[in-house]
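These are my notebook entries on one structure. I record what I looked up, entry by entry.

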Amino acid sequence: MKNISLFLLLLIGTFAYAQTGSMTIYNFSTQSVSYNLIGTNDNSYPIDCQPIVEGNSATSLAPASTVVYSQYNTSHLVTPAINQWAVISEAIGIPSQIYNISAGVTVPPVIATPTSWQSVRLNFSNGEMIHLARDCGYVDSHHGVFSGSTASGITATWNYLGNNVVVFIN
């Protein structure tokens, strides 16, 4: 019983300090897409949204494909993988660095916990790009760019489903 109680306590602690909200990208377009994802602190508008967590897809997401990133520290386990995250965090007293999660260097809870998805820059195989994002300090401003299109007719939308972000590319 003691071991079960300890396990439950550790499990609750893990969830309490885990990043909340997933990023799901559905690519219904005819183009492959690589991307840059950014997470920021919603409630830190006066200090440049730090910490800022930025990662790039290692390969492109093929047409008719979907990917879900549930946490920074598991993003190397899905396809396309994000193997490392660059963190800017001087404003909160933590030196900035690159966390190579595929090598076991994880983004610590003090950085992951206060952040949520802020931006996605979509780079299509035909050379076009769409950038979707909420403003820094979204909690107070409720502003951002939540849809975009390209000259060739590709469209993308940023949608919220609770704490989760769902991006549709058509």
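Over which residues does pLDDT stay under 50? I found that pLDDT (the predictor's confidence in each residue, from 0 to 100) stays under 50 over residues 4-18. For residues 4-18 the model has 5 contacts beyond four places in sequence, where contact means heavy atoms within 4.5 Å. The protein chain averages a pLDDT of 85, and 82% of the residues score at least 70.

**Basis of the entries.** I am reading a predicted model, in which local features need pLDDT of at least 70, side-chain atom pairs count only at pLDDT 80 or more, and totals for chains, interfaces and linings use all residues. Residues are numbered from 1 along each chain as its sequence is written, and side-chain values use heavy atoms, with hydrogens and water left out.

**The sheet.** I looked up an open sheet of 5 strands and noted its order as S4-S1-S12-S11-S10, with mixed pairing. Strands are DSSP runs of E with at least two residues, numbered from the N terminus, and two strands pair if DSSP finds at least two bridges between them. Strand S4 (65-69) and strand S10 (147-149) are at the edges with a single partner strand each, so one side of each has no neighbour in the sheet. I then followed strand S11 (residues 155-161), which pairs with strand S12 (residues 164-169) in the antiparallel sense over 6 bridges. Within this pair, Asn159 has Val166 in S12 as its bridge partner.

Not counting residues up to four places away in sequence, Ile25 touches several residues, including Leu37, Val67 and Val167.

**Loops.** Cys49 is in the loop between strand S2 (33-41) and strand S3 (52-56). Cys49 counts as buried because its relative accessibility is 3%; buried means under 20% relative accessible area and exposed over 50% (1.4 Å probe, protein chains only). Pro51 lies in the loop between S2 and S3 as well, and a cis peptide bond with omega of about 5° joins Gln50 to Pro51. I noted that Ala64, in the loop between S3 and S4, has a positive phi near 60°. Most residues other than glycine have a negative phi, and most peptide bonds are trans. Ala64 counts as exposed, at 71% relative accessibility.

How values were computed
Helices (H or I, at least four residues) and strands (E, at least two) are DSSP runs, numbered from the N terminus.
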